[in-house]
Amino acid sequence: MRQKIYQVDSFTSEPFSGNPAGVCVMDDAAPVEWMKAVASEMNLSETAFLYPTDDGYNLRWFTPEAEVDLCGHATLASAHILWEQGYLPVDRMARFDTRSGLLTAELTDGWIKLNFPSRRPEAAPPPSGLLEALGVSAVFVGACKATYIVEVESAPILRDIAPDFSSLAKLPVRGVIVTARSDNEEYDFISRYFAPDVGINEDPVTGSAHCCLGPYWMDRLVKTDLRAYQASKRGGRLRVQVEGNRVYLFGQAVTVFELEMR
């Protein structure tokens, strides 16, 4: 059996930037161990596996080491491939049944709009050793389930962070979002995301992190429409809208590779 897999750069309009994701569109469900093995072989932060259902697609995401509950950039990449490769008409909404419930995507003015759950962070003491592993002082520390969000004083401090990943991986933390107000008028805030616990030292662009960042910066800046930049080496840009218990993430995507597994 031959299986096509696509590699898509998400949250960017230029190849070789943004966050690369694998997308595997299957005819039916596949064994978990096979999906884990493929994700490990792809060696990207996430690979998406989807197959058609009665009212959309079942969608799951795997890092090279673990399955995750929510992934923005691989969902964006999946919707992009469904439209680009003709699985769905471009005027039809993509519907995904996931471990985080129903997620949708639609094309609007050249951007892909994702409908995701809001995850408002709550103030929480940092786990012992977290700030030391990051090498920063915090303006705010909060938690979105097992992910922590740390605001630092300035954008230059954020860009200069060089975490001790071996120490960070030992902490009871799924991932760490570090954020700051932007020093570039094009954006409202910037961020970086570290998740060595699931095999990703630094994620290039993290859609799911903006489910926390959107509500957080909405409160801080008193605005519901936000422009964001993730300041990784590859970099990526997003538009974020917060409405009630939902966060709308807007991004672009470009296909880089089309592979065939033998």
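Trainee: How much space lies in the largest cavity?
Mentor: This is a predicted model. The structure holds one cavity of 30 Å³ or more. The space in the largest cavity is about 40 Å³.

Trainee: Which elements give two or more residues to the lining of the largest cavity?
Mentor: The lining includes Leu168, Ala169, Gly175, Val176, Phe194 and Ala195. Elements that supply at least two lining residues are helix H5 (165–169), S12 and S13.

Trainee: How do the residues of that lining divide into nonpolar, polar and charged?
Mentor: Arg174 and Asp197 are among the lining residues, and Arg and Asp count as charged. Gly175 also lines the cavity, and Gly counts as polar. The division is seven nonpolar, one polar and two charged.

Trainee: Are the rings of Tyr187 and Tyr229 stacked, edge-to-face or tilted?
Mentor: Seven aromatic pairs are counted in the model. The ring centres of Tyr187 and Tyr229 are 5.3 Å apart. Stacked needs under 30 degrees and edge-to-face over 60. The planes of Tyr187 and Tyr229 stand at 35 degrees, so the pair is tilted.

Trainee: How many residues apart in sequence are the parts that this pair ties together?
Mentor: Tyr187 sits in the loop between strand S12 (175–181) and strand S13 (189–195). Tyr229 belongs to strand S15 (residues 225–230). The pair therefore ties together parts separated in sequence by 42 residues.

Trainee: Is Tyr187 buried or exposed?
Mentor: The cut-off for buried is under 20% relative accessible area. Tyr229, at 28%, is partly exposed. Tyr187 has 15% relative accessibility, so Tyr187 counts as buried.

Trainee: Over the face of which rings does Arg239 lie?
Mentor: Arg239 is 4.9 Å from the ring centre of Trp111. For Phe250 the value is 4.4 Å. Arg239 lies over the faces of Trp111 and Phe250.

Notes
Residues numbered from 1 in each chain as written. Predicted model: local features only at pLDDT ≥ 70, side-chain atom pairs only at ≥ 80, totals over all residues. Heavy atoms only, no water. Phe/Tyr/Trp six-rings, centres within 6.5 Å; stacked < 30°, edge-to-face > 60°. Helix = DSSP H or I, 4+ residues; strand = E, 2+ residues; numbered from the N terminus. Buried < 20%, exposed > 50% of the residue type's maximum accessible area, 1.4 Å probe, protein only. Lys NZ or Arg CZ within 6 Å of the ring centre and 35° of its normal. 1 Å grid on protein atoms, 1.4 Å probe; cavity = no way out; pocket = protein on both sides within 12 Å on 5 of 7 lines; lining within 4 Å. Points joined across faces, edges and corners; volume = space filled by probe spheres on them.
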